[in-house]
Amino acid sequence: MRAPEDAAEIRSALLGLRRSTGLPVAFGGLLPGAGGAGGGGRLRIAELTGASTGVLRGLEIRSGNGLGGRTMALARPCAVADYPVARTISHEYDAAVAAEGLRSVIAVPVVVRRAVRGVLYGALRRPLALGDRVLDAAVAAARDVEQALAVRDEARALLAAAAGGPPGAAPGAWETVREAHGALRALAPRIADEALRGELLAACGLLASAARPGGGPGRPGPALTAREKDVLSCVAGGATNAAAAQRLGLRPETVKSYLRSAMRKLGAHTRLEAVTAARRAGVLP
């Protein structure tokens, strides 16, 4: 079973894929278990957007079969210009694809730590060779999901080891603290009363400082702006850029800009490094 937040990341990524590629149909899913463990190389299509029927929902894709299965087996993007007659794939799923009326299809793997965790598809209802622009945009959507899953995996590992919070704090309790921190940071910009907003952000600071040994403030962290902290808080919860934008009332491009700026200040090269550095600096709990 996938966690609800994982399904939300797929939905958000598929919407972003449609916007960035112009493809009218997008669908996909994640393999069960971390890294697909226990899934037997099988993926179930769980999310659809732009579909005219529900025939693809719940379809089980086996590694090596069809376009998605080929993508899973090779761990790289694959595309066909006309699915029904494509010679580079097997055709176990032709009936479902035909029922939805799909012809040109691209499939991109979601890969975390060299393991395929899912597949995102984009499709047209007419035969057409999809160009590099579409491929690049689809890959970017998959990368967004990959980074969100990597951050969430790290958070789950820390919680499972009881190493993610102050001494003596139960993993479940510390996860609640982090969720509360993220919710408060997302709420703060909507509060018109400046004094009340300041009090709320001060409470966020107290939650973040609690992550330090002894709950002390420690050395001053980097001078991050309020919006950079907001974005990092969303990213720490595993949100993609699109999901963070929706939560904070920003454009995905603006979220990406804030994240790049925060990463630069933190000396981080990936989202996971940024979250780790922010926690060490007492910016995040």
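Q: Is Asp 144 buried or exposed?
A: Asp 144 is buried, with a relative accessible area of 17%. Buried means under 20% relative accessible area, exposed means over 50%, and partly exposed is in between, using a 1.4 Å probe and protein chains only. This is a predicted model, where local features need pLDDT of at least 70, side-chain atom pairs count only at pLDDT 80 or more, and totals for chains, interfaces and linings use all residues. Residues are numbered from 1 along each chain as its sequence is written, and side-chain values use heavy atoms, with hydrogens and water left out.

Q: Which helix is Asp 144 in?
A: Asp 144 is found in helix 4, residues 132-160. Helices (H or I, at least four residues) and strands (E, at least two) are DSSP runs, numbered from the N terminus.

Q: What does Asp 144 touch, apart from its sequence neighbours?
A: Leaving out residues up to four places away in sequence, Asp 144 touches Thr 240, Asn 241, Ala 242 and Arg 271. A contact means heavy atoms within 4.5 Å. The side chain of Asp 144 also reaches the backbone nitrogen of Asn 241 at 3.3 Å.

Q: And what joins the side chains of Arg 271 and Asp 144?
A: They meet in a salt bridge, at 3.7 Å from N to O. A salt bridge is a side-chain nitrogen of Lys or Arg within 4 Å of a carboxyl oxygen of Asp or Glu. Arg 271 lies in helix 10 (residues 271-280) and Asp 144 in helix 4, so the pair ties together parts that are 127 residues apart in sequence. Both Arg 271 and Asp 144 are buried.

Q: What else is buried in helix 10?
A: The buried residues of helix 10 are Arg 271, Ala 274, Val 275, Ala 277, Ala 278 and Arg 279. Just after helix 10, Gly 282 takes a positive phi of about 80 degrees.

Q: Back to salt bridges. How many are there in the whole structure?
A: A search of the whole structure finds 12 salt bridges. One of them joins Lys 265 and Glu 228, with the closest N and O atoms 3.0 Å apart. That pair links distant parts of the chain: Lys 265 is in helix 9 (residues 252-266) and Glu 228 is in helix 7 (residues 226-236), 37 residues apart.

Q: How accessible is Lys 265, and how accessible is Glu 228?
A: Lys 265 counts as partly exposed at 36% relative accessibility. Glu 228 is buried, with a relative accessible area of 3%.

Q: Which residues are linked in a network of salt bridges?
A: Arg 42, Arg 44, Glu 60 and Arg 62 are linked that way. Within that group, the side chains of Glu 60 and Arg 62 meet at 3.8 Å, N to O. Glu 60 is partly exposed at 25% relative accessible area, and Arg 62 is partly exposed at 39%.

Q: New topic. Where is Phe 27?
A: Phe 27 lies in strand 1, residues 25-30. Phe 27 is buried, with a relative accessible area of 6%.

Q: What is Phe 27 in contact with?
A: Setting aside neighbours within four places in sequence, its contacts include Leu 14, Ile 45, Leu 56, Leu 102 and Tyr 121.

Q: Which residues in the largest nonpolar core touch the most other members?
A: Of the 25 residues in that core, they are Phe 27, Leu 67, Tyr 83, Leu 102, Val 105 and Tyr 121. Strand 7 gives the most to this core, with 4 residues. A nonpolar core is a set of buried Ala, Val, Leu, Ile, Met, Phe, Trp, Tyr and Cys residues joined through side-chain atoms within 4.5 Å. In soluble globular proteins, nonpolar side chains tend to be buried together.

Q: Is Ala 98 buried or exposed?
A: At 55% relative accessibility, Ala 98 counts as exposed. Ala 98 is found in helix 3.

Q: Last one: how many helices and strands does the protein have?
A: The secondary structure comes to 10 helices and 7 strands. Of the 285 residues of the protein, 45% count as buried.

Methods:
Polar contact = N/O pair within 3.5 Å; in protein donor to acceptor, adjacent residues only side chain to side chain.
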